[in-house]
Every structure is written in C-alpha cells, then in structure tokens.
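Colleague: I am new to this structure and would like to go through it with you. Could we open it and discuss it piece by piece?

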Amino acid sequence: MNTTGQPQERTGGELLMAALAAHGVDTVFGIPGTHNLGIFAAMGGHGIRNVTTRHEQGAGYAADGYARSSGRVGVVVTTTGPGATNAATALGQAYSDSVPVLLIAPGVPRDHPSDGDGLLHEQVDQRGTLAGVVRQSHRVQSLAEIPTAVARAFARMGHGRARPEYLEIPLDLIDERGAVPDVAPLPPAAPGVPAEAEIGSAARALAGAERILIIAGGGAAGAADQVAAVAEYLGAPVITSTNGKGTLPEDHPLALGAGMQIEAFPELVESVDTVLAIGTELASADWFGRYPQFPRTVVRIDADPTGLLTNVAPSHPLLGDAAETLRLLLEALPEKDRAADPRAGAELKKRFVQAQEASAETWMESFRSLNEVLPDDAVIAADNAMSAYNGAVPAVRLCRPRSFLFPTGFGTLGYGLPAGIGAKLAAPETPVVVLQGDGGLMFVIGELAAAAQARLALPVIVYDNGGYGEIRNEMDDRGEPVHSVALPSPDFPAMAEAMGCHGVHLSEPGELGQTVLRALEADRPTVIHVIEHSRAATGMRG
C-alpha cells in the first residue's frame, strides 16, 4: 500500500505471489518456462522458494508428499501446455487420495483465437483438460480476480474433504500491471458435526454391540487422539487403510495395522457385529478384490457426504469433522459396565502380526532391521511396488498419522522419490525414508538430482526384482505369454553417484536398518540397492 491508502500497481505474477504468501505458502515446486517467468520473478520478493524438480510430474508428486505429510497445501507452478499436462497425473493421484495440491499455470492469452494460431505450448482448452483431475479448474479473466481466486481455492481445500485444484492465469495477465487490493484469507469454517439425535443413536448402537471393529482411513489423520480414546473405551481393535496407517500407533495393543488385502482383514470384518468407520472410502483398491461382507450395523463418520455413502451404506451415517464427531460420540457413550479382556486383544494382535509378516516374507528380514531403528516420528514415502503394498504396508511399524505416503487409488508409478523430497522439505528434521521398486524409480530417476541439489539426507531404498514384477506375475497367473516386463537393471548406486548422491549395494538384507540410519545423517541422499531373490524376480510362482 502507498501513503494514500490506495494499492500500488503490481503485475499479475506479483499479485499471485502476494496471495500465496498471505496463505502461508513459503515453498512451491516447479520448473520455469517461457510463459511463467513473471511468476518466478516475483517469488523472492514474497519469501517464496521454488524447488526445481526435473519433471513437472515430479513437481506434482513432491507437492503431494509435502501436503500429505504436513497437512498444508502443496503448490505446483508449471508453464503452459506440456508443463501443465505433465503434472496432470500427479493431480489425478492427489484427487484419488484426497490431498490438497494447487497447480498454477499460465494459459493462452485472453484474446487468443478459439481455433488457435500456433502459439508456443498452445493448448486451446487447458482449463478443460485439467478439469477432469481436480475439484475445481478455474481460469481468471482479470488482475483483480487473482487474489480472490487464490483465497477461494485455499478455503475449499481447507474445508471438508481435501481435493486438488487448478488455477490458470492467461499469460498476458502475468506481466500486466494494475492497482489491485489484497484479499485476506477466508476464516476457517467451524468443524461440521452431526445432529445430537444422530450422535445419540450411533452411541447406543456402539454401546449395545458385542464385537466392534474400528476402521480408520486417511480422513482420520486429524483425529488420532480421538480414535485412540474411542478404541480404548470400546476395547475395539483398529485396522487402517493404507492412507490411514499410523493413525493409531502400531505398537498400541489395539492397533492391528494395515494390509487389508491380507485374508485376516476381511475375515475380521465378517466376524464382528458392528463396524465404526472413520474417514475412509472403504475402497476396493484397499481390499485387492476380496471385499468383505459388512455387518448390518455400520457407524460411519465422514466430512464428505459423497464419501459417507460410497461402497458401504451405513446404518448410522455421521456427516462431520472426524475429531469433533468422535469427541461428541465419546461423550454420549454410557459408562462401561465391563472391561475388555486384554488377553483376547493380545491373541488377535499376535495373529495379525503373523499374517502381516507372512505377506511381507520376501522383504521381512530387511524390514525387521528397519523396524528396529526407525524413530516414532519417521515418515515412509513409498511407490506402487510389491515391496510397498505387500511388504511395508503390513510389516513396517509406524507410530503417527500422515506417516505413510502411498499412491493408493490412482495407483501411479514413480511417486515415492518425489513425494519423499516433498515430505523432507516440509519438515527437514523429520526422518523420511523412500521405498521404491526398480521399475517405478526409472519413471522419476532424474529427481535424484533434485534431491541432491537440495542436500537432503534422504535414504532411497530400491528393491530390484528386474522389472515390473507384479505385472509379470499377473501374466503368469493368466497362463499367457510373459513379455515386455523384464527390465535389465542399471547400476543404481552408480547412477545415484553420477547425480550427486551416495550409492550403496546392500548384500545382506539384515543390514538395511543400520544403512538407513547412516543415510539419515548423511550430507546428501543415499540410494540403497537391494536385489530381490524371490519368485517375483524370477517370474516363477509358488
């Protein structure tokens, strides 16, 4: 503001950066291009740093990891056309897993001909292209609209179920100047809660149940204390979806952990008379096709009315914020007239640990050593690899919400490394470990250079089964020719060193824990290469 109280003239890029800074943004992920230079020019003046990834898809995954681990909005800035579309897959992943990521990109000028004229990076309907992978795809038409559009996007992402958003700024607006006032962030909405009668009805159902199971998803991340309190009151075991992993610390006596594709999980659902589901879609992607028959009594808490009715229709739907709804539910429950039998809980947990370790047998020696050294605040950023979903999801023990970052619903490859970069930049003192397969790492191998440039102490574990092991196994199971899935393994440690990282070939799986500990204290990322000697690596089944 100048001395007259009127706003000073600023460019569209400056208005954008001022609006992001007002919403607490200090880090964005992206790549400069011909059409977004006015945005990059304004970053430093507003205390915003850009982390230059080596591909826009990597920028999207890094923003996703930043957002998942911190609970804040992750921001991506790309250029027009291919820059924006390169990030689209990451937005699809963020949408699938309810992650607040904001993509900002220039678009064609406001007076651009509808049929195009061959402009560099021309994409006539860029906003429409991105609309299919975000909640709201918005193109501003004036300088005055920029701060308003940012405030609205942050308000939407901060209320209810988080989804990614896309904001397009016509490239002629980025350097145009105008006197536009700032728009303050909108105040956060009060947490929604169900009606008192609905809370009371659900509390009576829970109080009258004989065998209760709690299922916590990613939407329960902000309600970890309340999940623990309700579980302890009810004496109910807790299982989690992949995105909910760690919501109840996995060393808690009632925590059965994650790995819903393991037969013990659907069997448990079918053995109880009541399920309390919190912040979860109960998605088929978590169950790997073995979808259980739910009991008649399902108390379901969700901030999203659509999610509340997805896959399983609850007998007691509770639309509201997970933490506040659980608090009210706990207040409405009657005094307990009996204590839970701790021996029954211990036996159940022992059975689940055995089933989880059996699922992770191929990798279990290395995971045991990892469990011995991981601190309680550790974060795992994992790719869509067998070593992750059949191994780490059930077998690596985590102790806090937002601690397992995984591309669940959309199921992309190449997610783990850039997501780990984002998580480490969001909280530099937090120990972050990346878990990759060899095939997925090759999607984003260039991001090792980005991690090295940022000097991140980031262990990157690469389980190498010589290609696309899961697809190889599926081909074999179908009795069809196995081809196009074997990939000659490059020398991953040598590649890592060429890009400024440390590289280690691990000969003994039991040494993984100590190797990761050293990597967490290193002066740069460390790629830890582990060869799988398993049926997945040979293509043999059984």
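Colleague: How many bridges join β5 to β7?

Modeller: Six bridges join β5, residues 101-107, to β7, residues 165-170. The two strands run parallel.

Colleague: In what order do the strands of that sheet come?

Modeller: The order is β3-β2-β4-β5-β7-β6, in an open sheet of six strands with parallel pairing. At the edges are β3 (49-51) and β6 (136-139), each of which pairs on one side only. From one strand to the next, the twist averages 25°.

Colleague: Which strands does helix α7 touch when it packs on the sheet?

Modeller: Helix α7, residues 145-157, touches β5, β6 and β7. The direction of α7 makes about 175° with that of β7.

Colleague: Let us turn to the sheet that contains β9. What is its strand order?

Modeller: That open sheet of six strands has the order β11-β10-β9-β12-β13-β14, with parallel pairing. The edge positions belong to β11 (255-258) and β14 (316-319); each has a single partner strand, so one side of each is left without a neighbour in the sheet. Here the twist averages 15° from one strand to the next.

Colleague: Which helix packs on this sheet, and what does it touch?

Modeller: Helix α11, residues 264-271, packs on the sheet and touches β9, β10, β11 and β12 (274-278). The direction of α11 makes about 130° with that of β11.

Colleague: And how many bridges join β9 to β10?

Modeller: Three bridges join β9, residues 212-216, to β10, residues 238-240, and these strands run parallel. Ala 216 stands opposite Thr 240 in β10.

Colleague: Now the helices. At what angle do α3 and α18 pack?

Modeller: Helix α3 (residues 56-70) and helix α18 (residues 416-426) pack at an angle of about 45°, and their axes are 6 Å apart. The two helices are therefore oblique to each other. Their crossing is right-handed.

Colleague: Which residues make that contact?

Modeller: From α3 the contact uses Gly 58, Tyr 61, Ala 62, Gly 65, Tyr 66, Ser 69 and Ser 70. From α18 it uses Pro 418, Ala 419, Gly 422, Ala 423, Leu 425 and Ala 426. By class, the contact of α3 with α18 has eight nonpolar, five polar and no charged residues.

Colleague: What about α9 and α14: at what angle do their axes cross?

Modeller: The axes of α9 (residues 196-207) and α14 (residues 322-332) cross at roughly 60° and come within 9 Å. These helices are therefore oblique to each other, and α9 passes α14 in a right-handed crossing.

Colleague: Which residues meet there?

Modeller: Ile 199, Ala 202, Ala 203 and Leu 206 of α9 meet Thr 325, Leu 328, Leu 329 and Ala 332 of α14. The contact of α9 with α14 has seven nonpolar, one polar and no charged residues.

Colleague: Lastly, what is the mean pLDDT of the chain, and where is the pLDDT below 50?

Modeller: The mean pLDDT of the protein chain is 93, and 96% of its residues reach 70 or more. The pLDDT is below 50 over residues 535-542. Beyond near neighbours in sequence, that stretch has 17 contacts in the model. Where pLDDT is low, the predicted coordinates should not be read in detail.

Definitions and conventions:
Residues are numbered from 1 along each chain as its sequence is written. This is a predicted model: local features need pLDDT of at least 70, side-chain atom pairs count only at pLDDT 80 or more; totals for chains, interfaces and linings use all residues. Side-chain values use heavy atoms; hydrogens and water are left out. Axes are lines fitted to C-alpha atoms, for helices over the stretch in contact, and angles run from 0 to 180 degrees between N-to-C directions. Helices (H or I, at least four residues) and strands (E, at least two) are DSSP runs, numbered from the N terminus. Angles under 35 degrees count as roughly parallel, over 145 as roughly antiparallel, 65 to 115 as roughly perpendicular and the rest as oblique. A crossing is left-handed if the near helix is turned anticlockwise from the far one by less than a right angle, and right-handed if clockwise. Contact means heavy atoms within 4.5 Å. Ala, Val, Leu, Ile, Met, Phe, Trp, Tyr, Cys and Pro count as nonpolar, Asp, Glu, Lys and Arg as charged, and the others, Gly among them, as polar. Two strands pair if DSSP finds at least two bridges between them. pLDDT is the predictor's confidence in each residue, from 0 to 100.
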